[in-house]
Amino acid sequence: MAGLPMCPLPQDDDYRALSLSGHVGFSTLPDQLVKKSIGRGFCFNILCVGETGSGKSTLINSLFNISFDDPVSTHFLPKVKLRAQTYELQESNILLKLTVVNTVGFGDQINKEDSYQPIVDYIDAQFEAYLQEEWKIKRSLFNYHDSRIHVCLYFISPTGHFLKPLDLLTMKSLDSKVNIIPIIGKADSITKSELRNFKNKIMSVLVSNHIQIYQFPTDDETVSKMNAIMNGHMPFAVVGSDEKVQIENKMVRVRQYPWGTVQVENENHCDFVKLREMLICTNMEDLREQTHAQHYELYRRCRLEEMGFRDMGPGNEPVSPQEVYEAEWSEFYLELQREENELREQYVQRKKEKAAMFKEEKQQQLAKHEHQMQILEEAHLKLEKKKKVLEDEIAAFLEKKVKTELLQSEASISAIAVEQRQGPQKFQLYIILTIEEAILIISLEKQ
């Protein structure tokens with residue numbers, strides 16, 4: 001093992017390249033990493049975006065050669081919902097924790113303007129959960145279930161024409177947050193010539209609208225050629241199926257029609273094999289790395305910038321997080337003091353205004369009270385005058401009443417006397433007369 005070739009080191013005066021004179025042992029680091037990774041297992045999270053009935057669940061079943069228990073979706077949901085289901089898969093001695101996130105009800109609403117927003121919110125929520133775990137004092141990222149989306153399989157309906165506005169808007173909103181791989185679902189519903197033209201139209205529209213889709217890496221010499229070829233095949237035209245039939249002593253997934261049979265794993269029929277090779281066999285780890293190194297770092301940077309953290313100062317000098325924190329805290333404290341002083345001044349000013357207002361209202365109430373009392377006093381005097389007049393009228397009435405009763409009494413006595421002298425005929429004449437007339441007659445008789 002003497003004279004092992006050294007890896008190229010950064011050109012820096014602080015480093016010197018040395019040759020080992022014998023075996024040391026750190027060449028087994030890759031093996032150690034592999035054993036540790038196998039023991040810990042892997043996770044992979046797939047987001048399937050597409051309209052209801054575009055073949056999302058069937059394709060996932062075909063990709064992993066298993067039937068997942070995914071409930072049937074309805075077309076009548078009022079808004080888009082994301083349903084995440086996690087499964088533990090094992091191939092040989094490799095454990096994979098697979099999470100499939102399905103967009104239920106996507107594209108089924110009459111108003112599709114905000115159909116993409118729940119998807120964006122879900123992706124950001126997974127980034128935020130990972131960021132919060134990183135910020136913990138006591139964190140356990142090795143045991144943390146990473147729910148960040150590693151790849152978005154975007155299913156395009158096989159119309160043979162152009163992308164729908166909803167597809168463009170959604171992919172434009174997601175291209176900076178997740179690795180997008182466009183897929184034409186149920187590709188056996190259009191002819192090969194239509195499919196070829198449709199692919200060209202899709203890529204042309206994506207480029208003209210500056211929508212970034214995932215490109216398979218070409219920096220690794222072992223897969224660079226194959227990845228470069230596969231980049232030219234996107235979007236992948238795929239067919240999925242849960243039906244298996246035996247063909248040449250082999251059970252294969254097919255879709256059977258009256259005019260023939262479509263074999264899912266036949267590269268002459270669709271791009272399913274290409275998609276599975278690129279997605280699972282070749283570039284799964286790169287998708288995981290891109291998610292962490294590019295999309296999550298972009299989200300993390302934006303969140304830190306929102307909080308006021310930065311790497312460089314005004315003079316392009318390096319700034320430590322502690323300095324940024326102290327500067328932010330000082331600025332926040334000064335702002336807090338300023339707001340406190342403003343609030344105190346506002347409180348004093350409002351208190352003075354309230355006191356002046358209360359004083360003015362009190363004076364108004366006193367003036368109003370005095371006015372009401374004056375009105376009451378005048379009314380009282382008027383009532384006293386009316387009372388005196390009424391009392392005088394009552395006294396006059398009583399006096400008149402006494403006189404009247406006296407006259408009535410005298411008239412009665414006189415009537416009795418007349419009756420005794422003149423007989424009943426004269427009395428009858430008096431009866432028919434009114435009291436006043438009788439009194440007048442009696443007074444005349446007395447005379």
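I am working with a predicted model, in which local features need pLDDT of at least 70, side-chain atom pairs count only at pLDDT 80 or more, and totals for chains, interfaces and linings use all residues. Residues are numbered from 1 along each chain as its sequence is written, and side-chain values use heavy atoms, with hydrogens and water left out.

I took a cavity to be a set of points, on a 1 Å grid over the protein atoms alone, where a 1.4 Å probe fits but cannot get out, with lining residues having an atom within 4 Å of a point. Points are joined across faces, edges and corners, and the volume is the space filled by probe spheres set on them. I found 2 cavities of 30 Å³ or more.

The largest cavity holds about 120 Å³, and I noted among its lining residues Cys48, Phe68, Asp70 and Arg83. Helix H2 (56–63) gives the most to this lining, with 4 residues, while strands E2 (81–91) and E3 (94–104) each supply at least two; helices (H or I, at least four residues) and strands (E, at least two) are DSSP runs numbered from the N terminus.

The second largest cavity has a volume of about 30 Å³, and I listed Gly50, Glu51, Phe155, Ile156, Ser157, Lys164 and Asp167 as its lining.

I then checked Gln126, found in helix H3 (residues 117–135), which counts as buried because its relative accessibility is 12% (buried is under 20% relative accessible area, 1.4 Å probe, protein chains only). Leaving out residues up to four places away in sequence, Gln126 touches Ser147 and Arg148, contact meaning heavy atoms within 4.5 Å.

Note on methods:
Buried means under 20% relative accessible area, exposed over 50%, partly exposed in between (1.4 Å probe, protein chains only). On a 1 Å grid over the protein atoms alone, a cavity is a set of points where a 1.4 Å probe fits but cannot get out, and a pocket is an open set with protein on both sides within 12 Å along at least five of seven lines; lining residues have an atom within 4 Å of a point.
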